[in-house]
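The sequence and structure are shown first.

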Amino acid sequence: MNKLTIRDVDFAGKRVLIRVDFNVPLENGQVTDDTRIRASIPTIAYIAQQKPTSITLMSHLGRPDGQRDPSMSLQPVAERLAQLMNTQVTFVEDCIGEQAQAAVQSVTDGGILLLENTRYYKGDEKNDPQVSEALAKHGEVFVNDAFGTAHRAHASNVGVAKYLPAYAGFLMEKEIDYLSKAIEAPERPFVGIMGGAKVSDKVKVIENLLDKVDMLLVGGGIANTFNTARGYAMANSLVDRDALDLVRGLMEKHGDKIVIPDDSVSGDAFNENANTQVVDLANGIPAGWESFDIGPKTIEKYRAILSAAKTVIWNGPVGVFEISIYANGTNAIAQTLAEITELGVKTIIGGGDSAAAIEKVGLAERVSHVSTGGGASLELLEGKALPGLVALKDS
Ligand code: AMP
């Protein structure tokens, strides 16, 4: 990474402002998944050890759209962070203005303060200079560890960096190292797995990956579109018809790299009680049925290809993993990645649904890296520069 990180700064005696990604799910005022909070702790703990004057944390949560919506308050996050770090975390019910400033000034001896949701102000998402400047008043040095928002140019991650020296935190560094290095200088064979609902959401990622990988295994609704493009009848399956021409073009250009499912678990309904059958796709899906998962032959074929890889990047479930009868393919991919990681293969899981899928089967700790950012990891895989990263000091 060509950016300065928190290793390049002496934080002693400084007021430190950190943008974290505490955009976590809440239910009835409780944090239901603290993955992102835990992911920020190495950075906070490292800075805390260096005896700064204060550590002020800021984040958005959800989409309050410029309104004070109590259901999106960061207060429960302050409580969870305090438990996880076994330290006191002060919470202040605003992120800019007098109350917030007074709270920051009252912290001494390296205390930790969490500001209220930055998106209670419309100016955050608008990258309003007034909001940026007001936030910047809380620190003498700025650290951005919010990889999950790095694809957005907002006041709390990009604007604020105009007013303070700005450095990358450990999470930001780790995400960039895994996701960019894998793409730019992978150990080969380099295999990509692309699943998810629609080709059109991921066209740029597919195109960019096809230029870099040795093989691209497709699954999910995306595979239905590829199978339609090669002339197979997919009956009621989710097919992205608008993307058919594009898919045909990709198959012409990169046909040797693209691996398409040959069989599928098809169902007659989108629920747990559906009837299912394994269909050989060359015979077509029977009328009234839909392809919801990759079939056993495809699982074996994909396992064999993955077992010969040295680097794997996975984005998007290969079936409707939320419904258990259609989750076998996705679970088998997760299991295979855990197994090959043990053999020294670098396995990287893009954020969003594939991260949720690997967490659901309890294998997230057994792969090399699970990204904490869905949109941000997709944009990196598209080959785009992330504004949240660009704004930091170059090394
Ligand atoms: P994405 O957000 O594009 O990664 O898509 C993830 C969604 O795609 C998940 O909610 C899956 O249930 C869905 N999905 C995966 N495979 C299929 C399929 N064969 N048919 C319909 N939806 C699918």
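D262 and K301 form a salt bridge, their closest N and O atoms lying 2.9 Å apart; the term denotes a side-chain nitrogen of Lys or Arg within 4 Å of a carboxyl oxygen of Asp or Glu. This pair links distant parts of the chain, with D262 in the loop between β11 (258-259) and β12 (263-267) and K301 in helix α10 (residues 296-307), 39 residues apart. Helices (H or I, at least four residues) and strands (E, at least two) are DSSP runs, numbered from the N terminus.

D262 is partly exposed, with a relative accessible area of 27%, and K301 is likewise partly exposed, at 33%. Buried means under 20% relative accessible area, exposed over 50%, and partly exposed in between (1.4 Å probe, protein chains only).

## Basis of the model

The model is predicted: local features need pLDDT of at least 70, side-chain atom pairs count only at pLDDT 80 or more, and totals for chains, interfaces and linings use all residues. Residues are numbered from 1 along each chain as its sequence is written, and side-chain values use heavy atoms, with hydrogens and water left out.

## Further salt bridges

The structure holds 15 salt bridges. One of them joins E173 to R7, with the closest N and O atoms 3.1 Å apart. Here E173 lies in helix α6 (residues 170-184) and R7 in the segment before β1 (15-19), 166 residues apart. E173 counts as buried, at 14% relative accessibility.

Helix α10 also contains R303, whose partner E339 is in helix α11 (residues 328-342), 36 residues apart. The closest N and O atoms of the R303 and E339 salt bridge are 2.9 Å apart. R303 is partly exposed at 26% relative accessibility, and E339 is partly exposed at 31%.

## Packing of α1 against α2

Two packed helices are described by the angle between their axes and the distance between the axes. The axes of helix α1 (residues 35-49) and helix α2 (residues 75-85) come within 11 Å and cross at roughly 60°. α1 is therefore oblique to α2.

Axes are lines fitted to C-alpha atoms, for helices over the stretch in contact, and angles run from 0 to 180 degrees between N-to-C directions. Angles under 35 degrees count as roughly parallel, over 145 as roughly antiparallel, 65 to 115 as roughly perpendicular and the rest as oblique.
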